[in-house]
Amino acid sequence: MAKTEKKVLVTGGAGFIGSHLCRELLAEGNKVTCLDNLLTGSIENINALLDHPNFKFIFHDVTIPIEVEVDEIYNLACPASPVHYQYDPVRTIRTSVLGAMNVLELAKKTNAKVLQASTSEVYGDPAVHPQVEEYWGNVNPIGVRSCYDEGKRCAETLFFDYFRQYGVDIKVIRIFNTYGPNMHPEDGRVISNFIVQALKGEGISIYGNGDQTRSFCFVDDLVNGMMKMMNTDNLQGPINLGNPQEFTILELADKVIQITESSSQLQFNPLPLDDPKQRKPNINEAKTKLGWTPNVFLEEGLKETIKYFEDKLSKDKGVVLH
Ligand code: NAD
Ligand code: UDP
């Protein structure tokens, strides 16, 4: 791809997905500002970028207005793991809603393009399967996941109202379960939990009976799709980005145990409240409008992620999340 040298702001840039996005944006020749309050992200994720002349890290909370010179904004700041977003639900909603307002105001002032990292959670516990962008979803507005789901839904509303009311150049992508290196060992999401448990020989924590499904996208595929979306003209979305290969949680556990050659046994725990029963993206829009399809099969992505966790666990024992 041609060198572009745009000024790009990535909120949540020290997190799992954000750190990969920052790296790829730098590789394309852009000047990247990474804004993060390190709630669930870490400096370790961006350590390799800190000395890059085109990279700048700002310790800042996205709920506080931001003034930077910028051509493009990727808004990723928000805890994404159910464990973390439910820990302080009011803060999660504030982050989604005020964060969206602040990046939209910045985009309005600077004429920047702004992309919202929305989520498949806007479909809630979906009655339509696979999920298409036209589906309005099935979200419990007062449940334990609502701080995240409704926060992200309100952020989408704000994006489309800034587009209609002020002509801000918005992009909304709905990300489906994504995994890969730079996930925190104590992130709490299923792939990192299973891999860490398998590597430590601990019980594999299946919530419910494990017949619920998810579709897992490797982070490199996702970042490629995000950048393709940002590079479009006159396309607001929303567009689903995810890997449509669907697995039950039991199938995922089997794969992790098999690849790690672990002696771990399955351990059954109660299903969390409002846990969606099935999830799989329809990606026809991404295919036709972005020319994007994911390329990494689950086994391949798991092997790379397992390698990352093996290195990480051997380096730092007993990591504590901020
Ligand atoms: P993550 O928790 O690793 O990254 C989130 C980042 O945002 C962290 O670095 C965190 O410190 C930062 N952050 C949180 N609150 C902030 C605040 N108030 N101000 C500034 N920074 C703040 O999670 P992730 O998986 O990398 O997710 C990134 C984005 O993608 C999130 O917006 C998430 O909702 C969205 N998303 C992710 C997935 C997925 O499967 N990973 C799926 C759907 C949507
Ligand atoms: N899950 C599980 N064991 C874990 C973590 C999660 O069985 O240790 C299940 C969870 O109940 C859900 C699925 O795996 O059905 C995906 O959970 P995750 O937290 O990764 O993401 P979600 O899609 O629910 O936001």
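Modeller: Start with contact. Two residues are in contact if their C-beta atoms, placed from the backbone, lie within 7 Å. This is a predicted model, so read each contact as computed.

Colleague: Let us take helix H6. Is H6 mostly covered or mostly open, and how many of its residues are buried?

Modeller: Buried means 20 or more other C-beta atoms within 10 Å. H6 spans residues 190-200, and nine of its 11 residues are buried, so by the definition of burial this helix is mostly covered. The buried run holds Val 190, Ile 191, Ser 192, Asn 193, Phe 194, Ile 195, Val 196, Gln 197 and Ala 198.

Colleague: How do I read direction along a helix?

Modeller: An α-helix has 3.6 residues a turn, so residues three or four places apart point the same way.

Colleague: Which elements do the buried residues of H6 pack against?

Modeller: The strands are S7 (178-179) and S8 (204-207). The helices are H8 (249-260) and H10 (298-315). Just after H6, Gly 201 has a positive phi of about 70°.

Colleague: Now the ligands. Which residues come nearest to ligand 2?

Modeller: Arg 189, Val 190, Asn 193, Ser 205 and Tyr 207, out of 14 residues around ligand 2. H6 and S8 are the elements that give two or more residues to this shell. S8 gives the most, with three. Val 190 and Asn 193 also belong to the buried residues of H6.

Colleague: What is the make-up of the shell around ligand 2 by class?

Modeller: Six nonpolar, five polar and three charged residues.

Colleague: And which residues come nearest to ligand 1?

Modeller: Gly 12, Gly 15, Thr 40, Gly 41 and Ala 77, from 27 residues in all around ligand 1. Helix H1 (16-27) and strand S5 (113-119) each supply at least two residues of the shell. H1 gives the most, with three. By class, the shell has 13 nonpolar, 12 polar and two charged residues.

Colleague: Next, the backbone. Where is the peptide bond between His 129 and Pro 130, and is this bond cis or trans?

Modeller: Look at omega. The bond joining His 129 and Pro 130 is cis, with omega about -10°. Pro 130 sits in the loop between S5 and helix H5 (146-166). Gly 237 to Pro 238 is also a cis bond, with omega near 0°. Pro 238 lies in the loop between helix H7 (219-230) and strand S11 (239-241).

Colleague: Is the phi of Asn 111 positive or negative?

Modeller: Positive, about 60°, although Asn 111 is not a glycine. Asn 111 lies in the loop between helix H4 (89-110) and S5. Glu 261 is another non-glycine residue with a positive phi, about 50°. Its place is the loop between H8 and strand S13 (266-269). Glu 261 has 7 other C-beta atoms within 10 Å, so it too is exposed.

How values were computed. Residues numbered from 1 in each chain as written. Chains lettered and ligands numbered in written order. Predicted model: local features only at pLDDT ≥ 70, side-chain atom pairs only at ≥ 80, totals over all residues. Buried ≥ 20, exposed ≤ 12 C-beta atoms within 10 Å, placed from the backbone. Helix = DSSP H or I, 4+ residues; strand = E, 2+ residues; numbered from the N terminus. Near = placed C-beta within 6 Å. Nonpolar A, V, L, I, M, F, W, Y, C, P; charged D, E, K, R; others polar.
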